[in-house]
Amino acid sequence: MRKPNGRKKIEIAKIQNQTNLQVTFSKRRAGLFKKASELSTLCGSNVAIVAFSPSNKVYACGHPSVESIVDKFVRENPPPETDDPNPIIVAHQNANIDELNKKMNKLERSLERERKHGQALQALRTEPSNEKLSFFDLKILCESLEAADKNVEKLASQFMECGIEFPYKTIGIALAPLRARESTSSVFGEGSSGSGE
C-alpha cells in the first residue's frame, strides 16, 4: 500500500500558466479573506483587505466595512500635500473603468454584429428589378404570381362563404370587368385577328 506524500512545499514564484494563476488566486483569496474574518472575530479588530486579480478585478473584504476602514486610514494618515490622488482610490477607480470599458466594448461588438445582420437582411429584402429579368425569369415570375393569386382567390371565396369580408381585392376580381368584356367581344367576333376587317 502506498503512503500519501502529504503536503509538498511549492516554490513561491509567479505562476506562468494563466489558468493555474486564476485558480490559485481564487483559492488563496478565499483563504486570505477567511483568515481576515477569523482575525476580526477572535480579536475584535477592524480588518480590510483589497486584492486585485490578475485580470485587474477588485476584491475586497472588511469588517465592519472596507470603506469605513479605508476612510479611517486616510483620515489618520493623510497623504503628503501633493496633487497625486490616493493610489488605493485610483486603483479602485481604474478597475471600475476597466470593467465598464470591457462592457462597453462587448456592447459595441454586439451592436456591430446586429448592424451587419440588419444590412444582410435588408440586402435579402431588396427585390431584383423586373427590367433585369430574362424572358424566362419573367414567365416564371408571372406563373408564380398567378398561382399565388389563385390561392388568394380560393381563400377569399372561403371567407365569403363563411360570411367574412375579405379586405383585399385579388387580381382575378380586379380584372373581372376586363375579362367579361374580352369574353363578350370574342363571342361576337369583335377584336379577333381573323375577322377580315
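Analyst: Happy to; below we talk about confidence, a helix and a loop residue.

User: Great. What is the mean pLDDT of the protein chain?

Analyst: This is a predicted model, and the mean pLDDT of the protein chain is 76. Of its residues, 72% reach 70 or more. Over residues 190-197, though, the pLDDT is below 50. That stretch has two contacts in the model beyond near neighbours in sequence.

User: Okay, on to helix α2. Which residues are buried there?

Analyst: Helix α2 spans residues 66-76, and Val66, Ile69 and Val70 are buried in it. These three cover an arc of only 100 degrees around the axis, so they sit on the same side of α2.

User: Why would residues a few places apart point the same way?

Analyst: An α-helix has 3.6 residues a turn, so residues three or four places apart point the same way.

User: And what do the buried residues of α2 pack against?

Analyst: They pack against two strands, β1 (47-52) and β2 (58-63).

User: Which residues are exposed on the other side of α2?

Analyst: Glu67, Arg75 and Glu76 are exposed there.

User: New topic: Ser53. Where is its place?

Analyst: Ser53 lies in the loop between β1 and β2.

User: Is Ser53 buried or exposed?

Analyst: Ser53 has a relative accessible area of 6%, and the cut-off for buried is under 20%, so Ser53 counts as buried.

User: What does Ser53 touch?

Analyst: Leaving out residues up to four places away in sequence, Ser53 touches Phe25 and Tyr59.

Conventions:
Residues numbered from 1 in each chain as written. Predicted model: local features only at pLDDT ≥ 70, side-chain atom pairs only at ≥ 80, totals over all residues. Heavy atoms only, no water. Buried < 20%, exposed > 50% of the residue type's maximum accessible area, 1.4 Å probe, protein only. Helix = DSSP H or I, 4+ residues; strand = E, 2+ residues; numbered from the N terminus. Arc of directions from axis to C-beta. Contact = heavy atoms within 4.5 Å. pLDDT = per-residue confidence, 0-100.
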